[in-house]
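I opened this structure for a first reading and kept short notes on what I looked up.

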Amino acid sequence: MRTIALQIFLLVFLFVIGSIVAIQRFFFSPPSPVPPQNSTQASSEPKKIASSQVRTIQSVLQAADEEPEAGSCSTFDVEKFRSYGFPDPQEPNPVTLDPEGLKRWKAYGVAAAVKAGELVDIDPGIIGYWSFAEGINYDLTFNVCGPQNENVGINAPCATNNWQAGNFAAQPANANNLLKEAFDAMYGGSDEATVKKVGQGVIDKVAQRHPGTTLTFPSSTFPSVSAQTLTSKFNSSETERAWVGHLSRDDEIGAYVQAKVFKATLGPGFADSILYGYGDKQKIINTIKAVHCAGLTGGSTTPGTGGSFGSIPTLNLVVQPKNPDIWVINQATGQVFGARGGTSPGGTGPGAPAGSVDGHCLPTGTYPSDLAADLRDKYKITLSGYDTEGTKMIFDVVTCISGSRFPSLLGRTTITIYNSGSPHMSCDVANKVCEIWMPTSLNAFKFILTHEMGHVLFYTNSHETMHFTEFENAWGKEGGLSPYSGPFKKDPSICGGKSIIEEDYAELVAYYYNPNSGGKTGACDTRENPPNSLFGTSDFPLHLDVAKAVL
Amino acid sequence: MFEQVKNRLNTMFPQKEVLIFFAAALVLLIVVIILIVSIFSARRTPSSSSPTPTPVTTNSTVPISSEKRFSVIQKSEVSRTTQQEIERLPNLEDTTTSPDGSLHYIFKSPLVSRKNEIVTKDGVAIFERILVPENSRAPGHAKISEFTKRLGQPQEKLRGSRFYGHLIETFIYAEGGVALIGNSFTDEVFEIHLFKPMTTEEYKRLYGQDIGADAEEFAM
């Protein structure tokens, strides 16, 4: 009898406990993550490196060994410039930019021009063109003032406003009209503190970029004054006029002012409107392309230290205006794949996902007979314009990260990927579809593809799913993962301290799925052979936590 | 009859075993109750690794009429809540003064770079920015469709947010004194702006700093 009673008791106890556990799991537990696919366990067949991957590696190595020519790049949109009334740029480009000006443009001008170009929707090449066309060559101290129409130096008082200030050769009268807007757009505010900080920055940069030159007029200390106050006194006060002129020398403000000035006449007659006395349309388009490409693909010749590369080419990308009913967002960052193997500048450090695009996951087995159908049926991805090799490149990426949460995060939208244009993405919210433009000619194709897909995940999933608050806290505390999405490690001195949270999220996705990829993120990125921010350094633990939780 | 049952039970379970059985059942019952209570309380307590949620101020002393209440975490009623009432609210982090004499009260938020805010002028609230919690179960979480149901279609919808991203939109109900920043794709509201009824142009000029420079009006 005692045994029966104990048995009944045990049965009841187990039933109750089991019910509680079941209720808890069913109602309160988050869905279990899909375990990452480990390629070494995925197939018993010998590993095979797809020819597409071999081609990618070769193209990277080849690109790395070559110094990109000014005027030769894949991001320049010839079609768009034709619509402005220009002839096609000549190949090879006969224009040679001033070497010192080119150096300054790459170091200080490009990031600001790209940012302003994105905000105003104009090619960065146009924004930078004027400074070279005017022979100012991105010289911060340049100052054309007064009736003599000559460079009178940075400390000359200007009785009239008919002059130009250095860098982007912005006219201070234009800068004055756009001052508040430019500050609000580029710095998020035009209050006294912000204006003083930027203005003092200009004074400091003069000394830094042009040793031996000191800005002393009206003073070597920028006053506490708002943009609105400066503008209100511009026409009546020599002092305020000088301060506005100096503010227009700031890379960000100058870029924005020029972007707006050129945007005002951008259209079918644009080529005619900027002819002036600077040669014919052919020369102008050649110069614009040289500036565009020097800034956007110009390579560093810094010798690599950890990988196979003698130099590290950099790549930034341009906004492509699209149908106004379709959203267009920012571009990817050009990255260079690190060398495979243990000495890679990237990393396979703690937390690196087993199923990742580079280094860990090589294609195994044989491809399905119809890759495109496989992508469409499993991932709702449709390809347009890709040959077999291009299709394999995308298939490899998607397959490698399919063991993560990526497929379920991607599941809220269909995606069409085009083998054309510059890399970017857009979403049509009404129809819940997204598009990505990814030309196979890119040497960092896989990294950039994951970056663009990161944008899609960011916009098509809830903030809760994407841990946005946790991510914003990481971004606020650690800074940007790269100078492209910065401010990099909270340091605004690199690439002008860019600050674009959506880009940082896309970088998070790209770094996470490409743990062996490092490299520079733009011509303004002065770091030597930088590693993967998530796995090659310990600077971003909060970012890494988000990536692990989400992806 | 009762005696028969009792005898039968006594036969099946001797007195001592019955006592043990009921004692064990009692202990089991207590354990079950404790487990259930702990499960439900754990569900309500945010995980320690999660960001601190926006403090809920439903117990604030500020009265808000029902037609002017757009969120349970709303702190003020525009044109009615006084400066003194606002200064007594919890989680006030900072106060600044604008050149036009308006006072900006900055309140804690879960984000590092963006805060809850109330602006007063001439002693009363003229603007409030409410950061909506991302947690779909948190008080104050809001959906665009809920606002559409209550307010109808916005007077103007602009895409491009400097902070949240280029695909994010601002939905302006200027005449109703309400604007939202949100993502149409996910139906989420990220921010609610409350202000005096005005024109859309006035809203954009006064409170539309987050709207991207390249924002374009949607075809409604």
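The entries below cover conventions, then chain A and one of its helices, then confidence in chain B.

Conventions. I am reading a predicted model, in which local features need pLDDT of at least 70 and side-chain atom pairs count only at pLDDT 80 or more, while totals for chains, interfaces and linings use all residues. Residues are numbered from 1 along each chain as its sequence is written, chains are lettered from A and ligands numbered from 1 in the order in which they are written, and side-chain values use heavy atoms, without hydrogens and water.

Chain A. I looked up the secondary structure and found 20 helices and nine strands, where helices (H or I, at least four residues) and strands (E, at least two) are DSSP runs numbered from the N terminus. Of the 551 residues in chain A, 56% are buried, meaning under 20% relative accessible area with a 1.4 Å probe, protein chains only.

Helix α15(A). This helix takes in residues 388-400 of chain A and reaches 18 Å from its first C-alpha to its last, close to the 18 Å expected at 1.5 Å a residue, the expected span being 1.5 Å times one less than the number of residues. I noted that 10 of its 13 residues are buried, among them A:Met393, A:Ile394 and A:Phe395. At the N-terminal end, A:Asp387 caps α15(A), with a side-chain oxygen 3.2 Å from the backbone nitrogen of A:Glu389.

Chain B. The mean pLDDT (the predictor's confidence in each residue, from 0 to 100) is 81 for chain B, and 74% of the residues score at least 70. Over residues 41-60 of chain B the pLDDT is below 50. Where pLDDT is low, the predicted coordinates should not be read in detail.

Terms used:
Contact = heavy atoms within 4.5 Å. Buried < 20%, exposed > 50% of the residue type's maximum accessible area, 1.4 Å probe, protein only. Polar contact = N/O pair within 3.5 Å; in protein donor to acceptor, adjacent residues only side chain to side chain.
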